[in-house]
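This report is for a reader who is meeting the structure for the first time.

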Amino acid sequence: MASDTLVVEGTGSDVDDAWTAARRSLAGLPGGGLNIAHEAVDRHAADPGVRGRTALRVLDRDGDAHELTYGELARRSSRFASVLDRLGVWPGDRVATLLGPDADLYVAALGILKAGAVLAPLFSAFGREPVRTRLELGGVSVLVTTPELYRRTVQPIRDDLPGLRHVLLTGPMLDGLLDAADPDRPITPTAPGDAALLHFTSGTTGAPKAALHVHEAVVAHLATARSVLGLRTDDVYWCTADPGWVTGVSYGIVAPLVVGATAVADTRPFDVRRWYRVLAEQRVTVWYTAPTALRMFMARGGQEARRYDLSALRTIASVGEPLNGAVVEWALEVLGLQVHDTWWQTETGAIMLATPADEEVRPGAIGRPVPGIEAAVLAQGPDGRARIDDGHVTVVGGSAQGELALRPGWPSLFRGYFGDPDRTAACFADGWYLTGDVVRRDRDGWYRFVARADDVIKTAGHLVGPFEVESCLMRHPAVAEAGVIGVPDPAAGALVKAFVVLRAGIEPSRELRADLLGYGRRELGAVAPRSIALVPDLPHTRSGKVMRRLLRTRELGLPDGDLSTLENPS
Ligand code: WT7
């Protein structure tokens, strides 16, 4: 389907490389081919020794646990695929989920993959504007969501989405359809290079991007689940990332199931005390979480931790934002465990740099490239990104600081931004994939995160594109222009802050500011600005772009640095 966006071929399955062991332990489809859902559930369901094992343990709103065995999950997700058949879904069609981490999500995600369709997960805390943009961008024809989210987020924009043919609502509607559907629907044969997942991510300019992944990505999910997280079949594994983001799918759904472990899913919002209880009561053995969550644990103090029996816990791993050394030391002291940092991106599809579960952690460092990944540090140009001269980059050896680059060819590398070959091509230079992150590498090959090389904001582990927030604010009748940055926050890493210039004749007031904050919350949901400053003007480059870098340095009281491209350095 997306051959026009396909710029990088995955490694062929005949290549004997670091991924070979993972490839060999995958089953493949009976008639040849590869399908993530087959590896995740049907293969296990076909094994009489595994069929009855708990695949998924969902904690509902009251904290009660509901279990699905591998056999049950296999049959129910096949029913889902057959519901999609009835809706006229074809292989390659995009089907989106706007759901929290409950059983319906797992059933839908696996069913979509079984139908050969492309799973496009959406963050359920998004407001209508980010949802509308993404459904449109992905050319989504079917959406699965809850009646409540439908009313709040989808119904108001439904008329703007002519391509959205069907909406499946969980509850009686979906249950009725599933009960009437075929539990033995065979999996649509998919090839390793066929599209499977569409993950939305944010850039510094322009609309969000939709990173396309293929079924072969499962090779990297399995390999890293084993080599980095140390996952085994007898593990009770909890990935706390929301399934609207890449981590929640790749390591919340795919990785634990492919391994054959038990995945825990908690449908309730974050709460330190309850999370401790989940870890203790569910006897979680491997916990994959985010620095923000760990920092909230730390803020609550060690006293709380001592009330729970965490003796089952063997591994804590973290992803999404810088894992500060203080948290690592706190966890070691209070939880008695190291926190293993992992670094990756929506585009890389799987963990690329890490301190594996069986390795000693160095507080403040991410770790080293996982087996099969070749990483490099590239010399930076004046804009902070890798310097490209005549199509060539400069690889810096030994201990170095610069933009992190990875050698394409690993199985979970994205195959392009859906429908956007130009932005896809911009991610590659001189035989490297450019990450946009600045790192420092020690003499012995350990990597540390330094900064993003662009203006993208990381808040509580989620990427927020400033452009998307700015464009939304500029649709408000009182707003002339907006500049959006991240300001440091001890817990969330960064919070979204907007600087807003009002239209001529409109007076700034406290009420207007509150109105703008409310408007942002309504339209954008979780990515809305937390604070808004009404300002008389914004700094611009000579080409007219808002200089977010300057907004940032001024907000932080730092020196302005090189302002030679600035239009109005007031
Ligand atoms: C960006 C990718 C892939 C999982 C989560 C989000 C930042 C990721 C780390 C880490 C410091 C990290 C980077 C990266 N990031 N892991 N261990 N230390 N920063 O995926 O939303 O595509 O975000 O998250 O800046 O480029 P994503």
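## Domains

Domain bounds here come from an automatic or database domain assignment. The model is a predicted one. For the protein chain, the assignment gives three entries: domain 1 covers 25-53 + 70-216, domain 2 covers 374-454, and domain 3 covers 457-555.

The centres of domain 2 and domain 3, taken over C-alpha atoms, are separated by 29 Å.

## Confidence

The average pLDDT of the protein chain is 93, and 95% of the residues score at least 70.

Where pLDDT is low, the predicted coordinates should not be read in detail.

## Helices H2 and H4

How do two packed helices get described? The angle between their axes and the distance between the axes are used. Helix H2 spans residues 36-45 and helix H4 spans residues 103-114; they pack at an angle of about 120°, and their axes are 8 Å apart. The crossing of H2 past H4 is left-handed.

On the H2 side, the contact is made by Ile36, Ala37, Ala40, Val41 and Asp42, and on the H4 side by Leu110, Leu113 and Lys114. Sorted by class, this contact of H2 with H4 has six nonpolar residues, two charged residues and no polar ones.

Conventions. Residues are numbered from 1 along each chain as its sequence is written. This is a predicted model: local features need pLDDT of at least 70, side-chain atom pairs count only at pLDDT 80 or more; totals for chains, interfaces and linings use all residues. Side-chain values use heavy atoms; hydrogens and water are left out. pLDDT is the predictor's confidence in each residue, from 0 to 100. Axes are lines fitted to C-alpha atoms, for helices over the stretch in contact, and angles run from 0 to 180 degrees between N-to-C directions. Helices (H or I, at least four residues) and strands (E, at least two) are DSSP runs, numbered from the N terminus. A crossing is left-handed if the near helix is turned anticlockwise from the far one by less than a right angle, and right-handed if clockwise. Contact means heavy atoms within 4.5 Å. Ala, Val, Leu, Ile, Met, Phe, Trp, Tyr, Cys and Pro count as nonpolar, Asp, Glu, Lys and Arg as charged, and the others, Gly among them, as polar.
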